[in-house]
Amino acid sequence: VDGLTGYINADGTWAIEPRFDSGYDCTCGIIAVSSDGRYFFVDTTGRTLVNARYDEIEPFDTQMRVAKVSNGGKWGVVNTEGLLVVPIRYDKVMVLPDGYIYVEMAGKCGIYNLVGNMLYDVVYDWIQCESGKPLFNQGLVTMRRGEDLFRIDPQGNHIYNYSSFVE
């Protein structure tokens, strides 16, 4: 209405009166909207979840219940309460379907869990992971740091070190 976005209930009445410049579909009971060129989250009544504003935002991952957010070209991750679980400081962030979050900064990478604990510091040159696929394959993930290539279990134990076989 008049160039503004609002949301309508199933019965055709306004759930949220038009007042946003743009908005995404509702996921996880949360809507990503924009106003004055900045994005933020509201609930299904239009109440702002937190006062944080972002340059870019992606809708919530309905399985993992987190969303990627960006300011100043750096990315982080928020949960459904709007709280940061991964700080906004990474060049790349990828939410994986088994509850892990891959992060990359200045050519190094690491792994967070969904509650914001850093599992593997951002010191690795490469971590084997792909968008849409689980991090751990048969209970292990392959990583490289410098010349060392190894497999790690979810507890951080080095199970197999390939570098010992390289001359």
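Mentor: Let us start with a definition: helices (at least four residues) and strands (at least two) are DSSP runs, numbered from the N terminus. Please keep in mind that this is a predicted model.

Trainee: How many helices and how many strands are there in the protein chain?

Mentor: With helices and strands taken as DSSP runs, the two kinds can be counted separately. The protein chain has 0 helices and 17 strands.

Trainee: What percentage of the residues of the protein chain count as buried?

Mentor: The protein chain exposes about 9200 Å², and carbon and sulfur atoms supply 46% of that area. A residue counts as buried when its relative accessible area is under 20%. Of the 167 residues, the share that counts as buried is 38%.

Trainee: Where is D21 placed, and which backbone nitrogen lies 2.7 Å from a polar atom of its side chain?

Mentor: D21 sits in the loop between strand 2 (14-20) and strand 3 (22-23). Leaving aside residues up to four places away in sequence, D21 touches G3, L4, T5, S34, S35, D36 and G37. The backbone nitrogen at 2.7 Å from a polar atom of the D21 side chain belongs to D36.

Trainee: Is D21 buried, partly exposed or exposed?

Mentor: Buried requires a relative accessible area under 20% and exposed one over 50%, with partly exposed in between. D21 has a relative accessible area of 38%, so D21 is partly exposed.

Trainee: How many disulfides does the structure hold?

Mentor: A disulfide needs two cysteine sulfur atoms within 2.5 Å. The structure holds 0 disulfides. C28 is in none, the nearest cysteine sulfur being that of C26 at 8.3 Å. For C129, also in no disulfide, the nearest cysteine sulfur is that of C109, at a distance of 7.2 Å.

Trainee: Is C129 buried or exposed?

Mentor: The cut-off for buried is a relative accessible area under 20%. The relative accessible area of C129 is 18%, so C129 is buried.

Trainee: With which residue does K74 form a salt bridge, and why does the pair tie together parts that are apart in sequence?

Mentor: Side chains of opposite charge can pair when their charged atoms come close. In the salt bridge of K74 with D91, the closest N and O atoms are 2.4 Å apart. K74 lies in strand 8 (residues 74-79) and D91 in the loop between strand 9 (84-90) and strand 10 (92-95), so the pair ties together parts 17 residues apart in sequence.

Trainee: How many salt bridges does the structure hold?

Mentor: One of them joins the side chains of K133 and E130, at 3.6 Å from N to O. Salt bridges that share partners also link K108, D125 and R144 into one network. The number of salt bridges in the structure is 7.

Conventions. Residues are numbered from 1 along each chain as its sequence is written. This is a predicted model: local features need pLDDT of at least 70, side-chain atom pairs count only at pLDDT 80 or more; totals for chains, interfaces and linings use all residues. Side-chain values use heavy atoms; hydrogens and water are left out. Buried means under 20% relative accessible area, exposed over 50%, partly exposed in between (1.4 Å probe, protein chains only). Contact means heavy atoms within 4.5 Å. A polar contact is a pair of N or O atoms within 3.5 Å; within protein, one must be able to donate a hydrogen and the other to accept it, and residues adjacent in sequence count only if both atoms are side-chain atoms. Accessible areas come from the Shrake-Rupley method with a 1.4 Å probe; for residues, only the protein chains shown count as cover. A salt bridge is a side-chain nitrogen of Lys or Arg within 4 Å of a carboxyl oxygen of Asp or Glu.
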